[in-house]
Amino acid sequence: MTDLSEISAAALGRRYLSGTIDPVAATEFFLDRIRACPDKAIFLLLTEERARREAEASHKRYRAGRPLGPLDGVPLAWKDLVDLEGTVTTAGAEVLRHAPPAKADAPIAHHLAAAGMVSLGKVNLSEFAYSGLGINPHYGTPQNPFDAATPRAPGGSSSGSAVAVARGLAPCAIGTDTGGSVRIPAAFNGLVGLKTSEGRIDKTHVFPLSQTLDSVGPLARTVEDCILLDAALRGAVATDIRRADLSGLRLVVPENVVFDQAEDGVVANFERALSVLAAAGAKVQRRRIIIIDEMFATGAAHGSLTAAEAYAFHRELMEGPDAARVDPRITSRIGAGKRMTALDLLAVQAMRKRLTAALEAELDGALLAFPTVAHAAPEIAPLEADVDLYHQVNLRTLRNTMIGNILTMCGLALPTGLDGRGLPTSLLLSAPAGDDSRLLAIGLAAEATGIDGRN
């Protein structure tokens, strides 16, 4: 059997077309790898019967010469926030372990099934999707695969989605992003992660953290995969996104906030990636972005929209006896929303509207560029032993990515290679809301330049 553990989703689809492998064999390959994987905290549920049924249907379409598209027959993993018919959506929470099964697929699951994709199962995450580290005391924490000696954080909240792809258990996976929950685990695991614009992809029957800020997006090995998955998630049958010309592209690198406490390896790889992009024609501008300082100042004074909306959604649970069954590191974050006043919420909403417009005007067609996370994957043991350290590192992990969520941007995390310890680092490109297609076209071009250090 051909080793498919490092294949991209698009490349697997091309293998099907060439006849060198078929969807049934590929699906069994990945199911076998999942069952044999020693890390049992990655997959919370295998949907083997569904996967085999979908793979067989895809195989028949290829034999008839009528595949549904480039992802027909490609297996994937779902973050366990997404309803799949007949399965429990746990949201990584013990209190939902025995919740009633979903009566139907979420629209995004229906769309990917309509594209012919094969659902392998549901993967782990931070409880209620409320952490950038990916630690889960109820279902276990997926281990970052880049350090065999020391357990390191997988990144969150889409921890299982990232580790499933990085460990070769699935060619691609679906996650959600509220403050960085696709881009952070992508960064920690050497993957491409797409944070889509608000409203671009349907969130119906996707368990919420923040009804305003949540977005759905893919984690994959290539930008091409993210483009195809973005289209399929929206129910589109094709995409017109093509590689952009980097000549004349302007990249604005903030000189404030995003490099605070940055690790040397992260900065070195970021600067090398920028040099590669500049050699390909991009123009790099560095300056202080006062808007970012204002954003964080407002958050420090008034709280966060995520906390307010999370508390509103979970209020009954938080005020009842089952609150004790939730990770206290999560309840403390949700509880911050309870302490916010109407004035606080209005101040945060007004800031977001004003600064989003101001940043788009300041960029004037340029993209923001900075490290996705200022550090590589941290060790898990110190974070589990010290609650204060956990919160400090969690906030630092989320700091760079949350800029895009609060200021209504789409973002693409791209690998920039490994640091001196062999841990992945990442570059984040961000564009104003609605500019996803242009961002992805630029991402294709950036990836082709070899910013991951392999060329």
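Is Phe-259 buried, partly exposed or exposed? Phe-259 counts as partly exposed, because its relative accessibility is 24%, where buried means under 20% relative accessible area, exposed over 50%, and partly exposed in between, with a 1.4 Å probe and protein chains only.

A word on the source. This is a predicted model, in which local features need pLDDT of at least 70 and side-chain atom pairs count only at pLDDT 80 or more, while totals for chains, interfaces and linings use all residues. Residues are numbered from 1 along each chain as its sequence is written, and side-chain values use heavy atoms, leaving out hydrogens and water.

Now the rings. Rings of Phe, Tyr and Trp (for Trp, the six-membered ring) pair if their centres lie within 6.5 Å; planes under 30 degrees apart are stacked, over 60 edge-to-face, the rest tilted. By this rule there are five aromatic pairs. Phe-128 and Phe-207 are stacked, because their ring centres are 5.9 Å apart and their planes at 10 degrees. Both Phe-128 and Phe-207 are buried. The pair of Phe-259 and Phe-270 is edge-to-face, because the centres are 5.5 Å apart and the planes at 65 degrees. Phe-270 is buried, at a relative accessible area of 1%. Ring pairs also link Phe-128, Phe-207 and Phe-313 into a cluster.

Last, the core. A nonpolar core is a set of buried Ala, Val, Leu, Ile, Met, Phe, Trp, Tyr and Cys residues joined through side-chain atoms within 4.5 Å. The largest has 111 residues, and those touching the most other members include Phe-128 and Trp-78. Apart from that core lies another, of 23 residues, among them Val-257 and Ile-289.
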